[in-house]
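Here's a quick briefing to read alongside the model. Keep the sequence and the 3D view open while you go through the points.

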Amino acid sequence: MSNALFDLSGKVALVTGATHGLGMAMATGLGEAGATVVVNGHSSDAKIAAAVDLYQARGITAHGYRFDVTDEASVEDAVARIEREVGPIDILVNNAGIIKRVPLLEMPLAEFEEVIRTDLTGVFVMTRPVVKSMIRRGGGKVINICSMMSELGRNSVGAYAAAKGGLKMLTRNMATEWARHNVQVNGIGPGYFATSQTEPIRVKGHPFNEFIIQRTPAGKWGDPDDLKGVAVFLSSRASDFLTGQVIYVDGGILATIGKPANE
Ligand code: GCO
């Protein structure tokens, strides 16, 4: 099979939340496949600049833009600036997100709403101006970063699960409405990965760390680089007739009910 199917040369890929973690790994994969990477962050210009330097050091053409994906006016302004200064966005990876681990009965309403606003509504806000431009230009690729929590519940992450479950269905509806415009919309569902987001529950000896290693057939936490391939696939011509799917990269978690501790 020719590599041309997976070649992203000449493409512009905007990855939200790409200053670290899974977003940086996926953006690096897209850059290594030839894409120009546009790095979004919302916290600090310094963090974005440091990330851009890291991409550039890896031989990847990268540009940084600071904006909050939940703020419609700043998103529309940022998309216009990116398309003027870098070029039309061919690939959008909606990766930016937060998690708050609080039991539902203890979670303040404001925190519940913040998680839904960032992880679900933020994708709605971020995607629309980008897709309007894609449709005008004949097509594009949208990848929404879902989660194990798009399929499964877990104590203390109810708001996040509600957002990621909704994101799975928003992905299907985006796919439904935009397929005829040659815009493919798919999800990636990461399992449990070694990132700053999971650091608090991954420390050696933490019961959750042992649980995940036991619950994951592959017997380990995922490495962010394990997401590069699926990100390139869903951004490339190789997936032009694939839309509305969520591909779970989870070491086998969703394939099994698990096994007894001593098996
Ligand atoms: C948690 C974890 C998960 C993972 C990921 C799984 O607290 O259970 O943070 O939410 O980060 O989303 O797909």
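Among contacts in the chain between residues at least 6 apart in sequence, 74% link residues at least 24 apart, where contact means heavy atoms within 4.5 Å. Bear in mind that this is a predicted model, in which local features need pLDDT of at least 70 and side-chain atom pairs count only at pLDDT 80 or more, while totals for chains, interfaces and linings use all residues. Residues are numbered from 1 along each chain as its sequence is written, and side-chain values use heavy atoms, with hydrogens and water left out.

**The whole chain**

- You'll find 8 helices and 7 strands in the chain; these are DSSP runs numbered from the N terminus, with helices being H or I of at least four residues and strands being E of at least two.
- A compact globule of 263 residues would have a radius of gyration near 18 Å, and the chain agrees with that at 18 Å. The radius is taken over C-alpha atoms, and the globule rule is 2.2 Å times the number of residues to the power 0.38.
- Along its principal axes, the C-alpha trace spans about 55 × 45 × 40 Å.
- Of the 263 residues, 48% count as buried. Buried means under 20% relative accessible area, exposed means over 50%, and partly exposed is in between (1.4 Å probe, protein chains only).

**Strands running side by side**

- Strand 1 (residues 12-15) runs parallel to strand 4, joined by 3 bridges; two strands pair if DSSP finds at least two bridges between them.
- L14 has L92 in strand 4 as its bridge partner.
- Strand 4 is also parallel to strand 5, with 4 bridges between them, and here N94 stands opposite N144.
- N144 has a bridge partner in strand 6 too, namely G187. Strands 5 (residues 140-145) and 6 run parallel and share 6 bridges.
- In strand 4 (residues 91-94), I91 and V93 point one way and L92 and N94 the other, and all are buried.

**A closer look at strand 6**

- Strand 6 (residues 183-190) is largely enclosed by the rest of the structure, because 8 of its 8 residues are buried.
- V183, V185, G187 and G189 point one way from this strand, while Q184, N186, I188 and P190 point the other way.
- V185, which lies in strand 6, is buried with a relative accessible area of 0%.
- Leaving out residues up to four places away in sequence, V185 touches V142, N144, T171, M174, A175, W178, T243, G244 and Q245.
- V185 and V246 are 61 residues apart in sequence, and their C-alpha atoms are 9.3 Å apart in space.

- V125 sits in helix 4 (residues 109-137) and is buried, with a relative accessible area of 8%.
- Setting aside neighbours within four places in sequence, V125 is in contact with V69, T70, D71, E72 and V75.
- From V125 to G187 it's 62 residues in sequence and 17 Å in space, C-alpha to C-alpha.
- L109 is in helix 4 as well, but this residue counts as exposed, at 59% relative accessibility.
- L109 and S43 are 66 residues apart along the chain, with 23 Å between their C-alpha atoms.

**Loop residues with positive phi**

- S156 isn't a glycine, yet its phi is positive, at about 85°. You'll find S156 in the loop between strand 5 and helix 5 (158-178).
- N182, also not a glycine, has a positive phi near 65°.
- The loop between helix 5 and strand 6 holds N182, which counts as partly exposed at 37% relative accessibility.
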